[in-house]
Protein chains: 2
Amino acid sequence: MISREEHNEAVAYSAEQFAAAGIELTAEERGRIEVADFGLGDLRKTGLMLLVYVNTDRYCAKELVLYPGQTCPEHRHPPFAGTPGKEETFRCRRGSVDLWVDGRQITLRPGEQFTIPPDTLHWFQAGAEGAVVSEFSSASRDELDVFTDPRIVRAPVVD
Amino acid sequence: MISREEHNEAVAYSAEQFAAAGIELTAEERGRIEVADFGLGDLRKTGLMLLVYVNTDRYCAKELVLYPGQTCPEHRHPPFAGTPGKEETFRCRRGSVDLWVDGRQITLRPGEQFTIPPDTLHWFQAGAEGAVVSEFSSASRDELDVFTDPRIVRAPVVD
C-alpha cells in the first residue's frame, strides 16, 4: 500500500519527467497516470509509474516512468486467449534503464530499444537519473502478469 | 520519383523535427528514415517521411514526419493473413495534423490521438508547422495499402 502523498509525489515526478522528455499529455491523461508499488509498500525502491495511451485487442502503447534506481520486479507475460502472451518492445526516451531478460543484461539509453519475447522472465531497473521508457506491445493484460516474488500484488492500493 | 537531393533534404528535415520533438534516434535509425512520395513526384505536397521502430507479426510502432501542409493521400489497410487489416493509433507529438476518416475530420495537436479501425479509408495533412506523429498499430504491411488514387506507387523510387 502507498499513501496518498506518495501517490501524488509519484504523479508529479512523472509529469515532470514527461515534460523533460518532450512528451506532451492531455489533462485527461495527466489525471490517470498509474502508480504501481506491487503491494510491497516501498515505492521508490520497487515500483513504477505508467500511462497507457492505447490498449486494443491487438496492440498496446504505454509510457513507463521510474525513479532513480527504482526496480520493476521479475515477471513474465503468460499466454492468454489463444495468444502466446504479450510480446513487448522497450524504447528508452530519457535517463537509462538496465534490463535483465532470461539472465542477460541489456542497458538502454535514449533512442535504444529491446524486444522481449512472450512468456519470458524479465525485470528492469532505472539508472541514477531515473528513466522514461516507451513500451510498444501486443495486447496488454497487466492483471495476468506472473511475478517471481509471491508477495507481489499487481493492482495498486492507495491508502 | 524524387531526386537524391530531395531525399536528403527530407531526411535532414526529419532529423531536425525529431530533435525538436525531443525524440532521440540511434545513428542506425537516422540512416534508415524512409521518404515516400507515393510515385507522384511532388514530395512537399504529397508524401511523408517515416521511421519504423519495430514491426513484428503482432504489433508495430513508427514515427511519421510531414512537411508543412504535406498530405498522405487517401488509403485503407485491407485484411491479410486472416486478420481484419491494420488498426492504427495516431498520436501527435509536434505541430498538428488534420485527419479525415470516413469523411469525418479530426484535428490532432501534441498529446492528442485517434484510433482508425482496420480497412477504413483515411488521409491526413500536416498543419502550417508540419507534424511529428507517433503511430502505434497491429502488424504493418505497407505494401498491401490500397490507395484511392490509381497513380500511386507505395514503394519509393529515388533517382
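Start by selecting the boundary between the two chains: 32 residues of chain B are in contact (heavy atoms within 4.5 Å) with 32 residues of chain A. This is a predicted model, in which local features need pLDDT of at least 70 and side-chain atom pairs count only at pLDDT 80 or more, while totals for chains, interfaces and linings use all residues. Residues are numbered from 1 along each chain as its sequence is written, chains are lettered from A in the order in which they are written, and side-chain values use heavy atoms, without hydrogens and water.

Chain B and chain A bury about 2,300 Å² between them, meaning accessible area (1.4 Å probe) lost on being put together, summed over both. Carbon and sulfur atoms give 48% of this area. Now pick Arg58(B), Tyr59(B) and Arg93(B), which supply 29% of the area that chain B buries against chain A, more than any other three residues.

Zoom in on Arg93(B): it forms a salt bridge (side-chain nitrogen of Lys or Arg within 4 Å of a carboxyl oxygen of Asp or Glu) with Glu63(A), with the closest N and O atoms 3.5 Å apart. The count between the two chains is four salt bridges.

Which of its residues are buried (under 20% relative accessible area, 1.4 Å probe, protein chains only)? They are His7(B), Ala10(B), Val11(B), Tyr13(B), Ser14(B), Gln17(B) and Phe18(B). On the face turned away from them, find the exposed (over 50%) Glu5(B), Glu16(B) and Ala19(B). Finish at Gly22(B), which follows helix 1 and has a positive phi, near 75°.

Terms used: Helices (H or I, at least four residues) and strands (E, at least two) are DSSP runs, numbered from the N terminus. Buried area is the accessible area (1.4 Å probe) that two parts lose on being put together, summed over both.
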